[in-house]
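The sequence and the model are shown first.

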Amino acid sequence: MGLSDLRRRTERALYTAQILKILQAYHVRATFFELGQNVKRYPAVTRRADQLGHSVQNHSWSHPNLTKVNWATFKYQVRTTDRYLRAQTGYTPRCLRPPYGATNRVVAQRAAMLGKKLTLWTVDPADWSRPGTSMIVRRVLTKVRSGSVVLMHDGGGNRSQTVAALPKILKVLKARGYLFYPLWCH
């Protein structure tokens with residue numbers, strides 16, 4: 001493992017822990033769509049999210065575009081992630097968020113065959129691109145509506161802007177009377 005791999009692994013645990021603390025401080029439960037390979041590397045992070053009452057769901061094993069994989073690879077990506085998530089949470093996720101939001105009829109059919117409901121977002125502040133804390137806040141607050149699903153990232157690189165934006169977003173949305181519910185896909 002190279003230094004950049006170690007840094008990436010450490011960052012994910014760090015940012016997720018910070019986000020969990022913020023959500024706990026604001027009494028908000030969220031949904032964490034997790035990559036199976038991250039669950040394998042950080043089982044305690046997954047367990048902690050579950051113990052705090054968050055929904056922990058499937059985001060594939062390694063983040064491939066599911067519209068471009070064969071059936072065997074699709075099954076591997078979903079089932080292997082399910083196995084690792086079940087080991088940490090005690091339940092099999094019912095939701096699947098396809099990487100990149102890439103979906104089509106075949107992906108929907110395959111997901112259904114595996115007992116999954118595809119779940120996408122309605123508000124994407126593109127926090128992964130690190131546009132700045134104030135831009136992340138503005139993008140969420142101007143687009144959010146009742147029933148919105150807001151996409152934010154805790155892994156995949158430096159997420160300090162997302163961490164800094166989250167309390168500002170939660171404070172305003174709570175003041176506006178919004179309630180927060182995790183997704184379970186029953």
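In this predicted model, Ser60 is buried, because its relative accessible area of 0% falls under 20%. Ser60 sits in the loop that runs between strand S2 (55-58) and H4.

**Positive phi angles**
- Most residues other than glycine have a negative phi.
- Ser60, which is not a glycine, has a positive phi of about 90°.
- Ala126 is not a glycine either, and has a positive phi of about 55°.
- The loop that holds Ala126 lies between strand S4 (117-118) and helix H6 (133-143).
- Ala126 counts as buried because its relative accessibility of 16% is under 20%.

**Nonpolar core**
- The largest nonpolar core has 16 residues, of which Ile19, Leu23, Phe32, Leu166 and Leu170 touch the most other members.
- Two or more residues of this core are given by each of helix H1 (3-25) and helix H7 (160-175).
- H1 supplies the largest share, five residues.

**Helix pair H3 and H4**
- The axes of helix H3 (residues 43-51) and helix H4 (residues 71-89) come within 8 Å and cross at roughly 60°.
- H3 and H4 are therefore oblique to each other, and H3 passes H4 in a right-handed crossing.
- On the H3 side, Pro43, Thr46, Arg47 and Asp50 make the contact, and on the H4 side Leu85, Gln88 and Thr89 do.
- Sorted by class, this contact has two nonpolar, three polar and two charged residues.

Terms used. Residues are numbered from 1 along each chain as its sequence is written. This is a predicted model: local features need pLDDT of at least 70, side-chain atom pairs count only at pLDDT 80 or more; totals for chains, interfaces and linings use all residues. Side-chain values use heavy atoms; hydrogens and water are left out. Axes are lines fitted to C-alpha atoms, for helices over the stretch in contact, and angles run from 0 to 180 degrees between N-to-C directions. Helices (H or I, at least four residues) and strands (E, at least two) are DSSP runs, numbered from the N terminus. Angles under 35 degrees count as roughly parallel, over 145 as roughly antiparallel, 65 to 115 as roughly perpendicular and the rest as oblique. A crossing is left-handed if the near helix is turned anticlockwise from the far one by less than a right angle, and right-handed if clockwise. Contact means heavy atoms within 4.5 Å. Ala, Val, Leu, Ile, Met, Phe, Trp, Tyr, Cys and Pro count as nonpolar, Asp, Glu, Lys and Arg as charged, and the others, Gly among them, as polar. A nonpolar core is a set of buried Ala, Val, Leu, Ile, Met, Phe, Trp, Tyr and Cys residues joined through side-chain atoms within 4.5 Å. Buried means under 20% relative accessible area, exposed over 50%, partly exposed in between (1.4 Å probe, protein chains only).
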